[in-house]
Amino acid sequence: MIVDLHAHALSEKFISDLARRPVAGLKSDRDSSGYYAIRRAGDDRKSTLDPHLFDLNHRLESLRRRGVTRQLFGPPPFLVSWPGGAPTAELVRALHKLLQEVADDSEGLMEPISVLALGEPEKAADELQRAVDEYGHRALIMPTSAGGRPLDDPAFKPVFDLIERLGLVIFMHPTTAIPSDRFGMYGIHVLVEKPTASNVAEAREIIAA
């Protein structure tokens, strides 16, 4: 059995619906080349989406060709944590719903994982429990910080205690708390900032434990 633990996906319907009905401050648009982008209210920056994120037929063909029997997937990392922010309960519920819709159409090859509502720490544990109860999630994607707020912040203890009690698989994905344009061109934020964020998050968790 081959299990892919690192994948991201969205649905084109969710993305196009954001143009008409924003969710948690997220709005989408489409440029003249046909590429979708997602923006946050009050932020001029945008995240342009790779079409492979929502091309389910291409995804399933690729999984079968490579012999992958199960792919665990979450949303792209810019929806898990971003400079100055992290998901609210409203956003998490919308993401979990769309992820399940993708999984339902995947012919059993894809399994969604939870997103943590770290933007509202007081609601994070309840939203995670809801995802486990409603969707049967067995894993979660964890950012390296909640928009720059460290994961060992006492406000996050209830949700991390719940993760331990539930025995969920944790996939820590590097996220940046610094706008990528701070690093200039050539993807330096991927080579420098994201590995640093992962190392810092892991070190803080070890010390806190």
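Colleague: Of the 209 residues of the protein, what share counts as buried, and what makes a residue count in this way?

Modeller: Of the 209 residues, 47% count as buried, and a residue is placed in that class when its relative accessible area is under 20%. The model is predicted, and the protein in it holds 6 helices and 9 strands. Among contacts between residues at least 6 apart in sequence, 71% join residues at least 24 apart.

Colleague: Why is His-96 called buried?

Modeller: His-96 has a relative accessible area of 3%, and the class requires a value under 20%, so His-96 is buried. The residue sits in helix α3, which spans residues 89-104. With the neighbours within four places in sequence left aside, His-96 is in contact with Ile-113, Ser-114, Val-115, Glu-127, Ala-131, Tyr-135 and His-137, where contact means heavy atoms within 4.5 Å.

Colleague: What makes you place the buried residues of α5 on the same side of that helix?

Modeller: The buried residues of α5, which runs over residues 157-166, are Val-159, Phe-160, Leu-162 and Ile-163. They cover an arc of only 155° around the axis, and therefore they lie on the same side of α5. On the other side of α5, Lys-157, Glu-164 and Arg-165 are exposed, a word kept for residues with over 50% relative accessible area.

Colleague: What covers the buried residues of α5, and which residue just after the helix takes a positive phi?

Modeller: The cover includes α4 (121-135), β8 (139-143) and β9 (169-173). Just after α5, Gly-167 takes a positive phi of about 70°.

Colleague: What makes you describe β8 as mostly covered?

Modeller: In β8, 5 of its 5 residues are buried. From this strand Ala-139, Ile-141 and Pro-143 point one way, whereas Leu-140 and Met-142 point the other way, and all are buried. That pattern can be set beside a general rule: in a regular strand, side chains alternate between the two faces of the sheet.

Colleague: Turning to α2, on what grounds are its buried residues assigned to the same side?

Modeller: In α2 (residues 56-65) the buried residues are Arg-59, Leu-60, Ser-62 and Leu-63. Because they cover an arc of only 160° around the axis, they are on the same side of α2. Asn-57 and Arg-65 are exposed on the other side of this helix, while the buried residues of α2 pack against β5 (70-73) and β6 (110-112). Just after α2, Gly-67 takes a positive phi of about 75°.

Colleague: How many cavities of 30 Å³ or more does the structure hold, and what volume has the largest cavity?

Modeller: The structure holds 1 cavity of 30 Å³ or more, and the largest cavity has a volume of about 40 Å³. The word cavity applies to points where a 1.4 Å probe fits but cannot get out.

Colleague: Which residues line the largest cavity, and how do they divide?

Modeller: The largest cavity is lined by Ala-9, Leu-10, His-52, Leu-53, Phe-54, Asp-55, Leu-56, Arg-59, Val-102 and Met-110. The lining divides into 7 nonpolar, 1 polar and 2 charged residues. Arg-59, one of the lining residues, is also among the buried residues of α2.

Definitions and conventions
Residues are numbered from 1 along each chain as its sequence is written. This is a predicted model: local features need pLDDT of at least 70, side-chain atom pairs count only at pLDDT 80 or more; totals for chains, interfaces and linings use all residues. Side-chain values use heavy atoms; hydrogens and water are left out. Buried means under 20% relative accessible area, exposed over 50%, partly exposed in between (1.4 Å probe, protein chains only). Helices (H or I, at least four residues) and strands (E, at least two) are DSSP runs, numbered from the N terminus. The arc is that of the directions from the helix axis to the C-beta atoms. On a 1 Å grid over the protein atoms alone, a cavity is a set of points where a 1.4 Å probe fits but cannot get out, and a pocket is an open set with protein on both sides within 12 Å along at least five of seven lines; lining residues have an atom within 4 Å of a point. Grid points are joined across faces, edges and corners, and a volume is the space filled by probe spheres set on the points. Ala, Val, Leu, Ile, Met, Phe, Trp, Tyr, Cys and Pro count as nonpolar, Asp, Glu, Lys and Arg as charged, and the others, Gly among them, as polar.
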